[in-house]
Amino acid sequence: MDQESAEPPWPEFPDFVASRARHLLRTAFLLTGGDSHLAEDLVQEALGRVYLKWRKISRLDNPSGYAQTVLVNTFLSYRRKRSASERVTDEFPEVGVHDPDPALRLTLLRALAELPAPDRAVLVLRFWEDRSVEETAAALRLSGTAVRTRCRRALARLRAVLGDDIETAFGGSPGTTGEDATSGPNPSSEKAVLRHAH
Amino acid sequence: MPTDDEFADAFTDGFARALRGAAELAPEPVRHTLAAQAEQRGRRRRRRRRAVVASALAVLVLAGAGGFTALGGRPLGPTGPAAQPDPDRPEMSTRDFVTLITGLLPKGTVQELNTDGPEKLSGHTTGATLLFDDGAGASIVEFSVERTNLRPDAGAVCTDGFQTPQDACDRTVRPDGSVLVIDKLRNQNAKDGREWRVTWAAPDGRRVSFTEYNGQPATANRPEPPVADSTRLTELVTDPAWDRVFAALAPVKDAPRPGDSPPPAPAAGGPSNAELLAKLVPLLPAGAEVEKQDPGHAALTVTYQGRTSMLQVGADPASERGRDELATMDRNPPTPLEVRQKGADGTLVVTNRFGNGKSATNPVLHWTAAVHYPDGSQLWLSEWNGENQYTARPGDPALDVDQLKAIATAPAWRS
């Protein structure tokens, strides 16, 4: 019996989309190496999958995390239909007055696009989504060892392409933990979106 | 055993920051379209799945009329069951709809960005996204036409300027009881990006929305969106031509009726913002000065020892969700500067410091303290250096996390 045969109202679904769309689209944009068209397709496809199971998903502790995982798996299973000519444009938008190196962003997207899709997914989950190795492994249905291996390999490739640029742009800020009040705001912090933890 | 820290070095720190910068190049989501198209895709998937089952059973049920026409959108507010096709309702094709909205725009060229809809309008809502070029720069514009169950006071509202950068918002109640809102927003991620939202909401639940950008949402190419004149914007969403579109959309069962009195406000689930602020102020350290209070957001500006920050307080009543959150807290590893302290009675006190993202710490931009009680109720305090929710500057805040913790755990909150 099809539990979903009735058309349910689910009025909260548009609200969920409204609250998560921006982040999902950014994740998809990174996953696709900067292909905005494909990113939008992926988000719509992923949200379509979420919509199908929304009755159950809406009761989960973390529907947003579930949607992110659906998005990543949609990306990995996606067979690209578009032509290469529709990749990210060279026209580079002005996005911030404190941007240390706008060109670096484009270089980064291109470098991401050249990585194998699973490696890209690992990096995006680890360094954009802030997921742990274990969480990344669970989302991608890989072992922790496989995630570490892919992460190490992908970082090595990016380091070869971007290493000097990253160092120059960000001054080789030391480590990922600890407060460094002397380094001043980074461009993202100037445009921070509040994510109050409570 | 290796840990996550094996990857932490100057390169990965810079890479993570560069990744966040690159993400800002993503297009802005056109939310209405995303939600509506997600529903359509979901339903298509469901139909494909049913088709496979039907084929396997060799039952020809797919050719029947009725089951495959419900591609139209749904009202965005709470609603009842989906609309049924009505043979008496005038039909309007998607092509006619696009022609209509194209005719309402100023002179220029139009490219459809969203044509993934039904051939004929159905359901309670429809819309389209176009790339419109009047010769001064191609811009994305979006139309939405809906039958809703919302009264004008809820159907047309200004965006909260505390949460979203806003240049202006004009709200006008018209003689017929309809409400018109012209909301001029700034994109907090794209420099010079503008997003103008114009909404007209009628007393019977009809609503027309027009959203325009000054270029692509993440890429401004002109100072203002293409339709800049308020009179022209008003004409755009109140044009009599929309009557034809509404006639083709299914009515909403619980649509408001003009002249109805507003429903009673729902009972509050906890203390009001004003009550929270009244409790907060006396708990501030001696010598702290409150410069201004914002009861609308349960926030105040506090200066202590020469440092000024914004402090926001929130309280959630006891709930199953709160109890679940407390019970499952251990499954989530703490973020780098998070400190959790569990009391003998099961109360959990959490302080945290983080930057642009819950794991980011360089620089720290947010200071928080939260108390999770065993009954699921919560009290939280959030502090940052800024004037609103989209501004957060580094630098020592007025109160440190220990002071926040002392305030959050004060017995006064439980009385």
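Trainee: At roughly what angle do the axes of helix 6 of chain A and helix 7 of chain A cross?

Mentor: In this predicted model, the axes of helix 6 of chain A and helix 7 of chain A come within 10 Å. Their crossing is right-handed, and the angle at which the two axes cross is roughly 135 degrees.

Trainee: Is helix 6 of chain A parallel or oblique to helix 7 of chain A, and which residues of helix 7 make the contact?

Mentor: An angle over 145 degrees would count as roughly antiparallel, but the crossing here is at roughly 135 degrees, and that makes helix 6 of chain A oblique to helix 7 of chain A. From helix 6 of chain A the contact draws on Pro118(A), Ala121(A), Val122(A), Leu125(A) and Arg126(A). On the side of helix 7 of chain A, the contact is made by Thr136(A), Ala139(A) and Leu140(A).

Trainee: How far apart are the axes of helix 1 of chain A and helix 2 of chain A?

Mentor: Helix 1 of chain A passes helix 2 of chain A in a right-handed crossing, and the two are oblique to each other. The contact is made by residues including Phe13(A), Val17(A) and Ala28(A) of helix 1 of chain A and Ala39(A), Val43(A) and Tyr51(A) of helix 2 of chain A. They pack at an angle of about 140 degrees, with their axes apart by 9 Å.

Trainee: Which residues is Ala28(A) in contact with, leaving aside its neighbours within four places in sequence?

Mentor: Leaving aside neighbours within four places in sequence, the residues in contact with Ala28(A) are Ala39(A), Leu42(A), Val43(A), Leu71(A) and Phe75(A).

Trainee: What separates the C-alpha atoms of Phe13(A) and Tyr51(A)?

Mentor: Phe13(A) lies in helix 1 of chain A and is buried, with 23 other C-beta atoms within 10 Å. Phe13(A) and Tyr51(A) are 38 residues apart along the chain, yet the separation of their C-alpha atoms is 7.4 Å.

Trainee: Turning to chain B, is Arg194(B) buried or exposed?

Mentor: Arg194(B) lies in strand 6 (residues 194–201) of chain B, and among the residues in contact with Arg194(B) are Lys184(B), Tyr213(B) and Pro225(B). A residue needs 20 or more other C-beta atoms within 10 Å to count as buried. Arg194(B) has 23 such atoms, so Arg194(B) is buried.

Trainee: What percentage of the residues in chain B are buried?

Mentor: Chain B has nine helices and 16 strands. Out of the 415 residues in chain B, the buried ones make up 43%.

Terms used. Residues numbered from 1 in each chain as written. Chains lettered and ligands numbered in written order. Predicted model: local features only at pLDDT ≥ 70, side-chain atom pairs only at ≥ 80, totals over all residues. Contact = placed C-beta atoms within 7 Å. Axes fitted to C-alpha atoms, helices over the stretch in contact; angles between N-to-C directions. Helix = DSSP H or I, 4+ residues; strand = E, 2+ residues; numbered from the N terminus. Parallel < 35°, antiparallel > 145°, perpendicular 65-115°, else oblique. Left-handed = near helix turned anticlockwise from the far one by under 90°. Buried ≥ 20, exposed ≤ 12 C-beta atoms within 10 Å, placed from the backbone.
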